[in-house]
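Please read this briefing alongside the sequence and the three-dimensional view. It is meant for someone meeting the structure for the first time.

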Amino acid sequence: MPVFDYEDIQLVPNKCIVKSRSEIDTKIKFGPMTFKIPVVPANMQTIIDEPLAAWLARNGYFYIMHRFNENERLGFVKRMHKEGLFASISVGVKTQEYDFINSLASEREVPEYITIDIAHGHAETVIDMIKHIKRKLPGTFVIAGNVGTPEGVRELENAGADATKVGIGPGKACITKLKTGFGTGGWQLAAVRLCSKAASKPIIADGGIRYNGDIAKSVRFGASMCMIGSLFAGHKESPGKIIEKDGQKYKTYFGSASQYQKGQYKNVEGKKMLVPYRGNISNTLREMHEDLQSSISYAGGRNLTALRKVDYVIVKNSIFNGDNI
């Protein structure tokens with residue numbers, strides 16, 4: 001199969017049919033709701049917290065709350081619903097997670113979205129959890145992952161998943177490919193293409209997105225949503241304190257499988273880094289929206305559908321024409 005990643009691909013333009021890019025609609029229906037852009041910040045502790053989740057929900061953006069404050073999740077769902085906002089949470093597959101799902105059901109607090117968040121999601125443990133959630137909370141839209149193969153997508157869909165998350169270790173803070181020899185790092189976009197062809201339900205392209213144009217490329221190859229970590233790290237609203245170093249401002253960013261997340265050095269597949277301070281997240285989201293409108297104008301359409309039909313060329317690492325960006 002052709003193997004490529006985001007930097008290897010350029011999309012081929014079609015005739016523009018709009019007078020202004022502001023006419024272009026970037027909205028995506030994902031599960032029971034429609035969102036402004038097909039983008040979701042990664043469900044990582046250095047990316048999302050409750051205040052940011054509430055802000056995103058209030059302003060028409062999708063979010064997935066991370067699963068690392070286990071005992072606060074029920075309260076989070078209640079607080080979001082009390083504010084009239086949708087609840088989108090993450091769970092694992094350990095025994096206590098079954099109890100948590102049972103407690104949601106018994107209190108009739110049904111999150112609109114639940115993501116089963118596992119590094120290697122093509123597993124019986126994930127299939128069992130999908131079935132349990134669907135049995136106890138049939139009204140919840142279940143996202144399961146992560147997978148990197150068509151077989152993984154089909155199995156999770158057949159178990160009842162409403163969407164699957166595609167990407168094994170392509171993220172900037174992830175070192176899975178170095179620690180294990182496995183993953184989609186370096187061919188993540190090809191994996192999205194491969195998995196989307198097997199999918200009958202939406203997929204989320206998770207990881208490896210470095211530039212806003214990569215969002216358009218993800219949609220071209222079948223993604224309904226793009227999960228992005230590093231581009232959403234370092235904002236004013238991001239969890240964590242601002243760090244000053246050599247006169248520059250930074251914030252900390254680390255992977256969910258890092259020792260900093262786990263609290264111990266065991267089965268570590270993530271690393272910690274400093275990312276430049278980027279100001280308000282609203283500016284980043286607005287730029288993503290505007291750039292996606294531009295992408296759709298180049299595709300010759302008025303909405304995201306146009307991106308799915310454009311031609312592309314494989315340029316193999318020459319996208320910057322020698323420029324160092």
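This is a predicted model: local features need pLDDT of at least 70, side-chain atom pairs count only at pLDDT 80 or more; totals for chains, interfaces and linings use all residues.

Residues are numbered from 1 along each chain as its sequence is written, and side-chain values use heavy atoms, with hydrogens and water left out. Helices (H or I, at least four residues) and strands (E, at least two) are DSSP runs numbered from the N terminus, and two strands pair if DSSP finds at least two bridges between them.

- Strand β6 (residues 113–117) and strand β7 (residues 141–147) run parallel and are joined by 5 bridges; T115 has I143 in β7 as its bridge partner.

**The sheet of 3 strands**
- In the order β11-β12-β13, 3 strands form an open sheet whose pairing is antiparallel.
- Because β11 (243–245) and β13 (272–276) are the edge strands, each with a single partner strand, one side of each is left without a neighbour in the sheet.
- Strand β12 (residues 248–254) runs antiparallel to β13 and is joined to it by 5 bridges, and K251 has V275 in β13 as its bridge partner.

**Helices α4 and α5**
- Helix α4 (residues 124–136) and helix α5 (residues 150–159) have axes that come within 8 Å and cross at roughly 30°, where axes are lines fitted to C-alpha atoms, for helices over the stretch in contact, and angles run from 0 to 180 degrees between N-to-C directions.
- This makes α4 roughly parallel to α5 (angles under 35 degrees count as roughly parallel, over 145 as roughly antiparallel, 65 to 115 as roughly perpendicular and the rest as oblique).
- In contact, meaning heavy atoms within 4.5 Å, V126, I127, I130 and K131 of α4 meet E155, L156 and A159 of α5.

**Residue M273**
- M273 lies in strand β13 and, at 18% relative accessibility, counts as buried (buried means under 20% relative accessible area, exposed over 50%, partly exposed in between, with a 1.4 Å probe and protein chains only).
- Leaving aside residues up to four places away in sequence, M273 touches K172, A173, K251, T252 and Y253.
- M273 and K172 are 101 residues apart in sequence, and their C-alpha atoms are 9.3 Å apart in space.
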